[in-house]
Amino acid sequence: MTFDLVLNGLRRTVQADPGESLMDLLRRLGCKSVKNGCDDGYCGACAVLLDGRAVNACLVFAARAAGHRVDTLEGLGREGVLHPAQRAALDLGAVQCGFCTPGIVMTALDLLAHNPRPTEHEVREALAGNYCRCTGYVKPVEAILAAAAQMREAAE
Amino acid sequence: MSLTGITAYLQPGTLEEAYRLLDERSIAVGGGTDVIRHPHVGVTTLVDLGALPLRYLRHESGFAIGATATLSDMLEHPGLAAHLEGVVTEMLRGVGSPLLRNAATIGGHLARGRYSDIVPLLLALDATLTLFDGTERTLSLADYYREGLHRSRALLTEVGLPPAGPDTAAAFLKFTRVAYDFALLNCAVRVRLNGKGVVEEARVVVGETPALGAPVEAAAQNLEGGPLDDDRIAAAAEIAAAVIPAQHDQRASAEYRRALCRVGVRRALFHARGRLEGRRL
């Protein structure tokens, strides 16, 4: 089947199998930040924004995105300028092997869009569906709090 | 997890069309999070309900929740967060992860009819459902499962929560090993007192026994007609522990589930009583 979606701000016409997951479609389209960790909705490594909300791309049918907005890590930042959530992850060492990082950053963007001033507890709750098998949870939480502060400053 | 063997993905724009498209070769898709995880023998068509105007949450005297409202839509609704000390939103915070709740719909969850913290609480709150099978009708959530309608073609369109007065309190709790795992056992209770502190109406629901949550009528009846004191609460919990259809599975033994039930029902009733007392302060 063929349909249109807005991927990282650009309208695209794509072909997908009717039973295909959004994760498999996005990876075919070259968005390799969308990681296939478990393909079962547990790990959150494939998290993307669907109409601004973070979802497990492995548990959403690709066709559901027809006529909707999908954002992946590839759409963040501009040439040479990282998004504050990426910058903070880099600066604060929130990346060990890096596999879970794109999913964590996309999940954080959903959180910060709805709650610009989260507490540490709220950040931890937001990350409940994002596994880091290096078990490095402290640094990502710190990075998200730092990114939140920076984004608030930029918005003022 | 891409599904194989699917030849069509349809997004009907009306209920009538959606209902017409459902047959033994097709399956309705709410958020898709459950449908996509399981192979469906003989199913070649997915009928996505996402284009239907069913994603809403209205706060009238009670609540009217459209079937394609996501669990996050419910969790983030200020009116629902204020209803009965936030018993519904507090329960939802422990269901799945935020990523799952952003996609999973209330209709899809209820139609799936297994592994649920939501069902016991909605049963305790006397939730109603609106179904469409050519015509529209409303029935209780309890009857929906009793009649096995979650396995039928009937489309679930709306969940209704009745209003609750100041003399009503509810509580939910679950026992679980790790965050967002399925519960080993869960309990939901609701009590309504009259002006003299006598229990006029009670609901005790126990789920993940491991069967889907079901009302424990003997326990509720035992609470009705007397004060909500420690002895009567303990007696109701004993009855619940004795009569629930506890079974052994990979998560817990039947014996352990009965022990959890005894503690869970007691704590939930204490919690509901505390909420009623809290309102008088």
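Helices and strands here are DSSP runs, a helix needing at least four residues and a strand at least two, with numbering from the N terminus. Keep in mind that this is a predicted model.

## Chain B at a glance

By that count, chain B holds 11 helices and 12 strands. Its radius of gyration is 19 Å, close to the 19 Å that the globule rule gives for 281 residues, so chain B is as compact as a globular protein of that length.

How much of chain B is buried? Of its 281 residues, 48% are. As for how the chain folds back on itself, take the contacts in chain B between residues at least 6 apart in sequence: 61% of them join residues at least 24 apart.

Now zoom in on strand β8 of chain B, residues 155–161. Why call this strand largely enclosed by the rest of the structure? Because 7 of its 7 residues are buried, and a residue gets that label when 20 or more other C-beta atoms lie within 10 Å of its own.

A quick reminder before the partners: strands of a sheet pair through backbone hydrogen bonds, either parallel or antiparallel. Strand β5 of chain B (residues 63–66) runs antiparallel to β8(B), and 4 bridges join them. To find that pairing on screen, look for A64(B), which sits opposite G160(B) of β8(B). Strand β6 of chain B (residues 128–132) also pairs with β8(B) in the antiparallel sense, over 5 bridges. Here the residues to look up are T130(B) and, opposite it in β8(B), E158(B).

## The sheet in chain A

Over in chain A, 5 strands make an open sheet with mixed pairing, in the order β2-β1-β5-β3-β4. Which strands sit at the edges? They are β2 (10–15) and β4 (53–56) of chain A, each pairing on one side only. Ignoring direction, neighbouring strands of this sheet are turned by 40° against each other on average.

Inside the sheet, strand β3 (residues 47–50) and strand β5 (residues 69–71) of chain A run antiparallel, joined by 2 bridges. One spot to check is L49(A), whose bridge partner in β5(A) is D71(A).

## A helix on the sheet

What packs on this sheet? Helix α3 of chain A, residues 101–114, does, touching β3 and β4 of chain A. The direction of helix α3 makes about 35° with that of β3(A).

Note on methods. Residues are numbered from 1 along each chain as its sequence is written. Chains are lettered from A and ligands numbered from 1 in the order in which they are written. This is a predicted model: local features need pLDDT of at least 70, side-chain atom pairs count only at pLDDT 80 or more; totals for chains, interfaces and linings use all residues. The radius of gyration is taken over C-alpha atoms; the globule rule is 2.2 Å times the number of residues to the power 0.38. A residue is buried if 20 or more other C-beta atoms lie within 10 Å of its own, exposed if 12 or fewer, and partly exposed in between; C-beta atoms are placed from the backbone. Two residues are in contact if their C-beta atoms, placed from the backbone, lie within 7 Å. Two strands pair if DSSP finds at least two bridges between them. Axes are lines fitted to C-alpha atoms, for helices over the stretch in contact, and angles run from 0 to 180 degrees between N-to-C directions.
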